[in-house]
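Here is a friendly briefing to read alongside the sequence and the coordinates.

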Amino acid sequence: ASGTVRVFDRSPLTDGAAVRRRTAVLTESPTLDERLTARETLRAFAEMYDVPAHEIGPRAEALLEEFGIAERGNDRVGGFSRGMKQRLSLARALVHDPDLLFLDEPTAGLDPSATHQLHQTVRQMARTRGRTVVLCTHNLVEAQALSDRVAVLGGGTLLALGTPAELAHRMSPRLEVTIKIDPARHADAIALVSALDGLTVTSERGGVLRVGGIPRERVPDVAAHLVRGGIPLFRLEPHEPSLTDAYFALQHAAGDTR
């Protein structure tokens, strides 16, 4: 395979320094000098990225405060927990206010509070500051919640690209309906559902049927059909397709063709 890459209409090969001034990377594992304090870390990287001298102090303090580590600002990084190191790594990545931010599994090892803070920062960067964030993650719930567009990769190949909703509805356009029934009529319900054109019972357990292949417009017909058959319905619950559904459908399809 071959090709070219341009970032901000520049080549990273020939204009690497110019590209790096406008980008930042947060890796999965924090790479910090544990001999420095948090405050020293931010100041040092601000100087490396040529942040104006009069802005370095205020910017470092604002980031320490934003990520909840201001009280530990003068402590050496070696004594920080993994979560605190990841917060500081993100603050360090933002110290020069990059236009493009790459995040590689950024919430790995973070507690719920730190994860929430990072999600808020990503949303703010993308939707308030007008910055571009490229997020690499195996957490599909996180990807669906944060992403405007999603690229699904498999075996080094781009399998799909689109909004989470586009991918979900394209790959899993039908709904799954959960029908909770009287266990005594379980077999009757299975027979009734199986008799309907195009519908299949995908699983059954404890008085609950999961039925695949039901378009939204057919849900009322399925309910009416079961009621006419004497099956007392306790719940019909449509399940909208998710990015997780799309991901597994794409991976399965890719596996069938390789």
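**Briefing on the predicted model**

Asp97 sits in the loop that joins α4 to β2. Please keep in mind that this is a predicted model. The notes below begin with that loop residue, move on to other loop positions and helix α4, and end with the chain as a whole.

- Asp97 is not a glycine, yet its phi is positive, at about 55 degrees.
- With a relative accessible area of 32%, Asp97 counts as partly exposed, because that class covers values between 20% and 50%.
- Glu105 is another non-glycine residue with a positive phi, in this case near 45 degrees.
- You will find Glu105 in the loop between β2 and α5.
- The relative accessible area of Glu105 is 14%, and Glu105 is therefore buried, as the cut-off for that class is under 20%.

**Helix α4**

- Helix α4 covers residues 82-94, which makes 13 residues.
- How far apart are the end C-alpha atoms of α4? They are 19 Å apart, which agrees with the 18 Å that the helix should span at 1.5 Å a residue.
- Twelve of the 13 residues in α4 are buried, so the helix is mostly covered.
- Among the buried residues of α4 are Met84, Leu88, Leu90 and Leu94, along with the charged-type residues Lys85, Arg87 and Arg92.
- Which elements do the buried residues of α4 pack against? On the helical side, the partners are α2 (38-48), α3 (53-66) and α5 (112-127).
- The strands β1 (23-26) and β2 (100-104) also pack against the buried residues of α4.

- Ile69 belongs to the loop between α3 and α4.
- Is Ile69 buried or exposed? Its relative accessibility is 0%, so Ile69 counts as buried.
- Setting aside residues up to four places away in sequence, Ile69 touches Leu64, Met84 and Leu88. Met84 and Leu88 are themselves buried residues of α4.
- Ala17 and Ile69 are 52 residues apart in sequence, and their C-alpha atoms lie 30 Å apart in space.

- Gly198 is located in the loop between α8 (186-195) and β7 (200-205).
- A relative accessible area of 62% makes Gly198 exposed, since the class begins over 50%.
- Gly198 and Ile214 are 16 residues apart along the chain, with 7.9 Å between their C-alpha atoms.

**The chain as a whole**

- The protein chain holds ten helices and nine strands.
- Its radius of gyration is 25 Å, whereas the globule rule gives 18 Å for 258 residues, so the chain is more spread out than a compact globule.
- The C-alpha trace spans about 80 × 45 × 30 Å along its principal axes.
- Of the 258 residues, 39% are buried.
- Among contacts with a separation of 6 or more, 66% are between residues 24 or more positions apart.
- The accessible surface of the chain is about 14,600 Å², and carbon and sulfur atoms account for 51% of that area.
- How far apart are the mean positions of the positive and negative charges? For the 31 positive and 33 negative charges of the chain, they are 1 Å apart.

Technical notes:
Residues are numbered from 1 along each chain as its sequence is written. This is a predicted model: local features need pLDDT of at least 70, side-chain atom pairs count only at pLDDT 80 or more; totals for chains, interfaces and linings use all residues. Side-chain values use heavy atoms; hydrogens and water are left out. Helices (H or I, at least four residues) and strands (E, at least two) are DSSP runs, numbered from the N terminus. The expected span of a helix is 1.5 Å times one less than its number of residues. Buried means under 20% relative accessible area, exposed over 50%, partly exposed in between (1.4 Å probe, protein chains only). Contact means heavy atoms within 4.5 Å. The radius of gyration is taken over C-alpha atoms; the globule rule is 2.2 Å times the number of residues to the power 0.38. Accessible areas come from the Shrake-Rupley method with a 1.4 Å probe; for residues, only the protein chains shown count as cover. The place of a charge is taken as NZ of Lys, CZ of Arg, CG of Asp or CD of Glu.
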